[in-house]
Every structure is written in C-alpha cells, then in structure tokens.
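Let's take a walk through this protein together, one neighbourhood at a time. Have the picture open as you read.

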Amino acid sequence: MTSRRKPLVLGNWKMHGSIDMAERLLVALAEGAAACSGIGLGVCPPYPYLGLAAARLGRGPIGWGAQDLSAHLHGAYTGEVSGGMLKDLGCTWVLVGHSERRSLHGESDALVAIKADRALEAEITPVVCVGESLAERQSNATESAIAQQVDAVLPVLARAEAAGRAVVIAYEPVWAIGTGLTATPEQAQQVHAFIRGRLSANGFRGAPRVPILYGGSVKPGNAVELFAQPDVDGGLIGGASLVAEDFLSIARAAVQRV
Ligand code: PGA
C-alpha cells in the first residue's frame, strides 16, 4: 500500500528567545506562511511563549506545540507541565524523547513511551524523536539503536491507531543535531525506510501513513534534497527555525513535495 503523506515542518526553538524575539519571529512567520499551503507547519517555542504563539498565529496556517510534557496527569510535580495544560494552550504537537531530553535529563525509552501516551490522552500529537549517537553509527549499531527506540513506542502507535489519532516520528541522528553535520539524503532515507519497515514488521498496519521527519542541521540549502527522499516526510528544524526567512524557505522546500 502506498500512501501520500502530508509533509510536516516543525521548528524546535529549544531554550532560545525572549518575549521580544518571539513576538518578531511569530509575526514574520505569520506574514510569510501564505506561500506554504498544503503542508503542516508549526513551531515549538519554550513554554512561556506558547500563549504568545496562540495569540499571534491564531487560526492561521501555522500551528504550535511544546518541546516536552510531564509523564504525570496532574498533582504535586513542581516545575512540570501536563498534556492537559498544553491542550488548553492550543498545542497541536508535543516533542517527546528529543535527544537532549534523553541525554541531559536521563529520559529512558520507557519514559518516552509514557509521555507519548500522555500526549495522546490530551489529544495532542506526539512527535517521538529517535536517533543514534556518533559512536553507534561508527560501530554499525545505527539500526539496533533505532530499533530499540522505535520498539519502545510500538504499543503507543497501536493505541493511537485504535483511537484514530496520529503519531509522528522524527529521526534525528544525535551527531547531526546543532553540529552543522547533516545526514546525507541517502543516509536519512535509509534510516527512515528502516523505521517504516520496523513498524510494518511488527504488525503495525498504519506504517505507510506515519509521517517520519528528519532533523539535524536542516538548512535552506539542504532541505530540498532531504525532502525529496520518498520516506522523508518533512523536518524538525532547530537552529534554522529561529530565523523566519530560513524556516519559511525550508517550509517551501517541503511544499515542493506536495
Ligand atoms: P538543529 O536541531 O536543526 O539545530 O540541528 C534539530 C533538533 O534538535 O531538533
């Protein structure tokens, strides 16, 4: 079965910005978004700017999401933000298991799966990030590392499918994040196809419909080639999402795929 997947481009602002900067960036994005029809487009600002995103992006073509959520529903969890709160703020997506969460905050595959479930319960689409380290790639352990991370969320994907909800996967090789080193289009395609194959091999019938984004130093200059790959359904953009013209140019590269 083949399935035309709508391209999706998401910006991950990480812990960058200020109210001023967020305001300017959001206004510039809202103004430039008209040329990006036919794709999904969204930004994931830091939590304090989500309300601003809602105000500036409103009902326009650009959505917004968060970079993380709590594994808990509510309660005495100082500093945590729940899926329900993100839903209140109009979030469409939430990143889970970004490599910076996995490596700097010790998030395990099991925790990532719980967070993805929490997102679904809040009716937010989880964007599950997976990726191998440089050491894993150099020791030919890319596929086993990715398989372990993907397998951990298989039950979540099955529950999402049963509930008629979407899950997005983002393949982000850790060695390519914020380093200026990008996976070649062939390397990206190979892993994306591996992920889709892994989902199918485990009996997940919705595999052809799962959007798989590539992330890791995507720039205006390499986006077209990356997005031209058959299993690369868009991108998760870090650094380049902080510059309106760069982010919009990457989004236009995804429009070419439509
Ligand atoms: P980068 O970040 O585009 O700056 O490499 C991508 C990400 O971490 O999501």
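Start with His98: an N or O atom in the His98 side chain sits 2.7 Å from an oxygen atom of the ligand. That counts as a polar contact, meaning a pair of N or O atoms within 3.5 Å; within protein, one must be able to donate a hydrogen and the other to accept it, and residues adjacent in sequence count only if both atoms are side-chain atoms. The side chain of Asn12 also has an N or O atom 3.4 Å from a ligand oxygen. The protein covers 96% of the 280 Å² of accessible area that the ligand has on its own (areas come from the Shrake-Rupley method with a 1.4 Å probe; for residues, only the protein chains shown count as cover).

Before going on, a word on where this comes from: this is a predicted model, in which local features need pLDDT of at least 70 and side-chain atom pairs count only at pLDDT 80 or more, while totals for chains, interfaces and linings use all residues. Residues are numbered from 1 along each chain as its sequence is written, and side-chain values use heavy atoms, with hydrogens and water left out.

How many residues surround the ligand? There are 13, and the closest are Lys14, His98, Glu172, Gly178 and Ser217 (a residue is near a molecule or strand if one of its heavy atoms lies within 4 Å of it). Sorted by type, the shell has four nonpolar, seven polar and two charged residues. Here Ala, Val, Leu, Ile, Met, Phe, Trp, Tyr, Cys and Pro count as nonpolar, Asp, Glu, Lys and Arg as charged, and the others, Gly among them, as polar.

## A closer look at His98

His98 is found in the loop between strand E4 (93-96) and helix H4 (99-104). Helices (H or I, at least four residues) and strands (E, at least two) are DSSP runs, numbered from the N terminus. Is His98 buried or exposed? His98 is buried, because its relative accessible area is 4%, and buried means under 20%, exposed over 50%, and partly exposed in between (1.4 Å probe, protein chains only).

Not counting residues up to four places away in sequence, His98 touches Asn12, Lys14, Cys129, Glu172 and Ile177. Contact here means heavy atoms within 4.5 Å.

Most residues other than glycine have a negative phi. You'll find Lys14 in the loop between strand E1 (8-12) and helix H1 (19-32), and Lys14 is buried, at 18% relative accessible area.

Glu123 has a positive phi too, near 65 degrees. Its place is the loop between helix H5 (109-121) and strand E5 (125-130). With a relative accessible area of 45%, Glu123 is partly exposed.

## The nonpolar cores

A nonpolar core is a set of buried Ala, Val, Leu, Ile, Met, Phe, Trp, Tyr and Cys residues joined through side-chain atoms within 4.5 Å. The largest one has 73 residues, of which Val9, Leu86, Ile195, Leu199, Tyr214 and Phe227 touch the most other members. Helix H11 (residues 244-255) gives the most to this core, with seven residues. Apart from it lies another core, of 11 residues, among them Leu95, Cys129, Ala170 and Leu213.

Leaving aside neighbours within four places in sequence, the contacts of Phe227 include Val9, Val218, Ile250 and Arg257. Ile237, in strand E8, counts as buried because its relative accessibility is 1%. Beyond four places in sequence, Ile237 touches residues including Val9, Asn12, Val218 and Ile250.

## Out in the loops

Arg209 lies in the loop between helix H9 (185-201) and strand E7 (212-215). Arg209 is partly exposed, at 44% relative accessible area, and its side chain makes a polar contact of 2.8 Å with the side chain of Glu161.

Gln229 sits in the loop between helix H10 (220-227) and strand E8 (234-237). Which is it, buried or exposed? Gln229 counts as buried, because its relative accessibility is 15%. Setting aside neighbours within four places in sequence, Gln229 is in contact with Pro185, Gln189 and Arg257.
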